[in-house]
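Subject: Structure for you to look at

Hi,

Here is the structure I said I would pass on. Could you open it and keep it beside you while you read the rest?

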Amino acid sequence: MLQTRFMSLGLQGEGQWIVPITLGVGSYNNRKKFLLETKVGKRDISEFDQSNDESQEVTEKPWVKVNVGHTGFYRVKYDRALAARLTKAIKDKCLSPEDKSGILDDTYALCEAGEESILSLLTLMDLYREDLDYAVLSRLIIACYNTARVLKDAVYDPRNHLSQFFTELIISSAE
């Protein structure tokens, strides 16, 4: 783990804080809490991994969720391997509504700051297509609106594919 000051404009800020971290690994019963007191931190979670087989597919390893319950006041950026595991956990309906909306909120903010791609945001949003939870759906609607507003001027789309995508995304939850 590496801590840097997050700024929505994508600028890097200086500073170091003591950050309370709660990790969930593969289940909400497997939690690890600690304080990140340095700029870089490393934690061993092998105790939660039932198989230490390196040949195992990334998505077969347990998901790791930082900031369980989305109670900490910080953003989380996952590397590709951890993001793939979380994607599988979302598809398998393993995560709480708070964590699903938190992941969406973090990904949107990182995308807005230029630290995540728009494709990763749209792919994540598509995972919530049939989610009926109020917290998730309200965050999804806000993310759709803001993304469409920003992209309207940035991307020429004569057939309005993005608006159609966002509309279908929200309507599928309403059916």
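Below are my notes, beginning with the overall layout and ending with a few single residues.

A word on the basis: this is a predicted model, in which local features need pLDDT of at least 70 and side-chain atom pairs count only at pLDDT 80 or more, while totals for chains, interfaces and linings use all residues. Residues are numbered from 1 along each chain as its sequence is written, and side-chain values use heavy atoms, with hydrogens and water left out.

The layout

The protein chain has five helices and three strands (DSSP runs numbered from the N terminus, H or I of at least four residues for helices, E of at least two for strands). Read from the N terminus, the order is β-β-β-α-α-α-α-α. Of its 175 residues, 37% count as buried (under 20% relative accessible area; exposed is over 50% and partly exposed lies in between, with a 1.4 Å probe and protein chains only). Looking at contacts (heavy atoms within 4.5 Å) with a separation of 6 or more, 57% are between residues 24 or more positions apart.

The core

The largest nonpolar core contains 31 residues, and Ile21, Met125 and Tyr128 have the most contacts inside it. Such a core is a set of buried Ala, Val, Leu, Ile, Met, Phe, Trp, Tyr and Cys residues joined through side-chain atoms within 4.5 Å. At least two residues of this core come from each of strands S1 (19-25), S2 (31-36) and S3 (64-66), and from each of helices H1 (80-91), H2 (97-112), H3, H4 (134-154) and H5. Have a look at Met125: leaving aside neighbours within four places in sequence, Met125 touches Leu104, Leu140, Ala143, Cys144, Phe166 and Leu169.

Helix packing

H2 and H3 have axes that come within 9 Å and cross at roughly 160° (axes are lines fitted to C-alpha atoms, for helices over the stretch in contact, and angles run from 0 to 180 degrees between N-to-C directions). That makes H2 roughly antiparallel to H3; the cut-offs are over 145 degrees for roughly antiparallel, under 35 for roughly parallel, 65 to 115 for roughly perpendicular, and oblique for the rest. Ile103, Leu104, Thr107, Tyr108 and Cys111 of H2 meet Ile118, Ser120, Leu121, Leu124 and Met125 of H3. By type, the residues of this contact are eight nonpolar, two polar and no charged (nonpolar: Ala, Val, Leu, Ile, Met, Phe, Trp, Tyr, Cys and Pro; charged: Asp, Glu, Lys and Arg; polar: the others, Gly among them).

H3 (residues 118-127) also packs on H5 (residues 161-174), with axes within 10 Å that cross at roughly 30°. H3 is therefore roughly parallel to H5. Here Leu122, Met125 and Asp126 of H3 contact Leu162, Phe165, Phe166 and Leu169 of H5, a set of six nonpolar, no polar and one charged.

Loop residues

Two residues other than glycine have a positive phi: Asn67, near 70°, and Lys93, near 60°. Asn67 sits in the loop between S3 and H1 and counts as buried because its relative accessibility is 2%. Lys93 lies in the loop between H1 and H2, and counts as exposed at 69%. Val40, in the loop between S2 and S3, is exposed too, at 57% relative accessibility. Val40 and Gln16 are 24 residues apart in sequence, with 9.8 Å from C-alpha to C-alpha.

Cheers
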